[in-house]
Structure formats: C-alpha cells, structure tokens
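Work through the exercises below with the sequence and the structure in view. Try each task before reading its solution.

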Amino acid sequence: MPLSSTTSLLAIYPHITPRDRFLLQLLDDHQVLTTDQIHRMLFTARRTCQLRLAELAALGLVERFRFSRVGGGSQPWHWTLG
C-alpha cells in the first residue's frame with residue numbers, strides 16, 4: 001500500500017534544514033532558479049550547493065532541467081519545486 005502524501009512529508013521533514021525551507025520558499029516565489037543563483041544566495045561553496053540540491057532532488061522536493069545551446073552544449077541546470 002503506498003504511503004499517503006502526509007506520511008511521506010512527515011518522513012522527509014527531519015531531513016529539511018531552515019536553509020532548505022527558505023530555498024523551497026524562493027522556488028515557490030520565483031518558479032525557476034539556476035544553480036548559480038541558488039549558490040550565490042544561499043551557499044558559500046558551489047560544490048556544497050550542488051550536493052544539497054541533489055539530495056533535495058532525491059527526496060522529490062525539487063526537480064531540474066536544462067536547455068541545449070545553439071551550437072552545442074547546454075545551459076546551466078534550472079531548478080523548480082518537485
């Protein structure tokens with residue numbers, strides 16, 4: 001039997017920091033932020049930012065996407081609420 005959304009949220013809640021809650025609020029307000037924007041606003045180390053975003057994505061709280069560039073390559077990751 002699948003867990004209800006309330007049960008799932010209660011299981012995730014202990015893993016969420018005040019900074020995570022602030023990030024989720026920012027994403028709710030702005031809809032989309034890039035990794036660089038999140039890094040400059042909330043983190044001192046870029047790698048720490050990337051690791052935390054990956055953890056939040058694994059918890060299903062955020063999702064990411066990126067667009068391809070004309071001529072090859074891709075844009076930076078863009079983050080939204082999960």
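The protein chain contains four helices and three strands, where helices (H or I, at least four residues) and strands (E, at least two) are DSSP runs numbered from the N terminus. This is a predicted model, in which local features need pLDDT of at least 70 and side-chain atom pairs count only at pLDDT 80 or more, while totals for chains, interfaces and linings use all residues. Residues are numbered from 1 along each chain as its sequence is written, and side-chain values use heavy atoms, with hydrogens and water left out.

**Exercise 1. The whole chain**

Task: Describe the order of the elements, the extent of the chain and its burial.

Solution:
- Step 1. Reading along the sequence gives the pattern α-α-β-α-α-β-β.
- Step 2. The C-alpha trace spans about 50 × 30 × 25 Å along its principal axes.
- Step 3. Of the 82 residues, 28% are buried (under 20% relative accessible area; exposed is over 50%, partly exposed in between; 1.4 Å probe, protein chains only).
- Step 4. Among contacts (heavy atoms within 4.5 Å) with a separation of 6 or more, 41% join residues 24 or more positions apart.

**Exercise 2. Helix α2**

Task: Compare the reach of α2 with the expected span, then find which of its residues are buried and where they lie around the axis.

Solution:
- Step 1. The expected span of a helix is 1.5 Å times one less than its number of residues.
- Step 2. With 13 residues, α2 reaches 18 Å from its first C-alpha to its last, close to the 18 Å expected.
- Step 3. The buried residues in α2 are D20, L23, L24, L26 and L27.
- Step 4. These residues are on the same side of α2 because they cover an arc of only 155 degrees around the axis, the arc being that of the directions from the helix axis to the C-beta atoms.
- Step 5. An α-helix has 3.6 residues a turn, so residues three or four places apart point the same way.
- Step 6. The buried residues of α2 pack against β1, α3, α4, β2 (62-65) and β3.

**Exercise 3. The residue after α2**

Task: What is the phi of Q31, and where does Q31 lie?

Solution:
- Step 1. Q31 follows α2 and lies in the loop between α2 and β1.
- Step 2. Its phi is near 75 degrees, a positive value in a residue other than glycine.

**Exercise 4. Helix α3 and H39**

Task: Which residues of α3 are buried, and what covers them?

Solution:
- Step 1. Helix α3 covers residues 35-42, and T35, I38, H39 and L42 are buried there.
- Step 2. They are on the same side of α3, because their arc around the axis is only 100 degrees.
- Step 3. Their cover includes α2 (18-30), β1 (33-34), α4 (46-58) and β3 (78-81).
- Step 4. H39 has a relative accessible area of 15%, so it counts as buried.
- Step 5. Not counting residues up to four places away in sequence, H39 touches T44, A45, R46 and C49.

**Exercise 5. L53**

Task: Is L53 buried or exposed, and which residues does L53 touch?

Solution:
- Step 1. L53 lies in helix α4.
- Step 2. The relative accessible area of L53 is 1%, so L53 is buried.
- Step 3. Leaving out residues up to four places away in sequence, L53 touches L23, T35, I38, V62 and W79.
- Step 4. L23 is also listed among the buried residues of α2, and T35 and I38 among those of α3.
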